[in-house]
Amino acid sequence: MPDKPVLVVGGAGYIGSHTCLELSRRGFLPIVYDNLSNGHEEFVRWGPLEVGDIRDRARLGEVLAKYRPETVLHFAALIEVGQSVAEPMAFYENNVIGTLTLLSALAEAGVGTFVFSSTCATYGLPVALPMDEQHPQAPINPYGRTKWIVEQALKDLSVHAGLRSVILRYFNAAGADAEGRIGEWHKPETHAVPLAIEAALGRRAGFKVFGSDYETRDGTCLRDYIHVEDLADAHVRAVEYLLQGGASDQFNLGTGTGTTVKELLGAIEAVSGRSFPVEYVGRRDGDSPVLVANNDKARTVLGWTPRRDLGRIIQSAWQWHSRLNASG
């Protein structure tokens, strides 16, 4: 096998599939393990697909024995904050029990490194901005708490079981592959950029803004939007870091620049050349008013720099949704 095999759990999803593309570019063979509940078989284009659930210990063992991956990247999580508030048990079953099942299978298979898809939602309400990796972790929703619990398990396994891991705390992933092969495709869609683009395309009646009375420059939530291709680059750098003997660590992945929801909508109108109805409604449970990254550590340790700005994010997303995801 000329390329180095890595197992990408949840690799048929949005960020996982873009990471598979980048892994393939850089000499790895991404083996996708996905139950296809939120992923898409059409997105598995750079390596084999093995269908399975992270809670299926026997199936995980089969796949690990078949491919003997050099490392594992884990993206297979439930991620929607509002859903986590409404259905917390589902998040604990998948995000916590599923990940512990996966980690148990890796230990038995002798896989000693692991890249974990985490989130800035582990920080909760901002105490200081921008947030660095030492910011207190006090999640305010079940989604963030399930990710935080897994982070604690990884730290224990690093100290007591020899598993070296990189924890990557994303801020707001957005955008699409520059060539339009893959992009953001959730059913149902819950993320701001695709929802606003769908409104601009006339595929939905309009866009709802949750909360207009936050202590931000225009009253709407402020977020740090990071291009999915920059996220993919960071994941491959994390793999290379671990395979070269790097110690367990955690890194923020964001640009360090905040954009309010109003500003985001204005940018989408500018790129699309279309206006669309916007409705302002009450705050949504579990939302933090401001989330902006300090990414100095990822720059220093991983040599990672986000290279795509908000304009590139929206342009690539507009291309994906308007021309290539017309049935979405």
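Here are a few notes on the salt bridges in this predicted model.

1. Ground rules. Because this is a predicted model, local features need pLDDT of at least 70 and side-chain atom pairs count only at pLDDT 80 or more, while totals for chains, interfaces and linings use all residues. Residues are numbered from 1 along each chain as its sequence is written, and side-chain values use heavy atoms, with hydrogens and water left out.

2. The overall tally. Searching the whole structure turns up 20 salt bridges (a side-chain nitrogen of Lys or Arg within 4 Å of a carboxyl oxygen of Asp or Glu).

3. Arg26 and Glu240 form a salt bridge, 3.5 Å from N to O. Arg26 sits in the loop between helix H1 (14–25) and strand S2 (28–34) and Glu240 in helix H7 (residues 228–243), so this pair ties together parts 214 residues apart in sequence (helices are DSSP runs of H or I, at least four residues, and strands are runs of E, at least two, numbered from the N terminus). Arg26 is partly exposed at 24% relative accessible area, and so is Glu240, at 26% (buried is under 20%, exposed over 50%, partly exposed in between, with a 1.4 Å probe and protein chains only).

4. A pair within helix H7. Asp233 and Arg237 are four residues apart there, about one turn of the helix, and their closest N and O atoms are 3.1 Å apart in a salt bridge. Asp233 is buried at 8%, whereas Arg237 is partly exposed at 27%. Through shared partners, salt bridges link Glu22, Arg25, Arg26, Asp233, Arg237 and Glu240 into one network.

5. One more pair. Arg181 meets Glu179 in a salt bridge at 3.6 Å, N to O. Glu179 is exposed at 57%; Arg181 is partly exposed at 24%.
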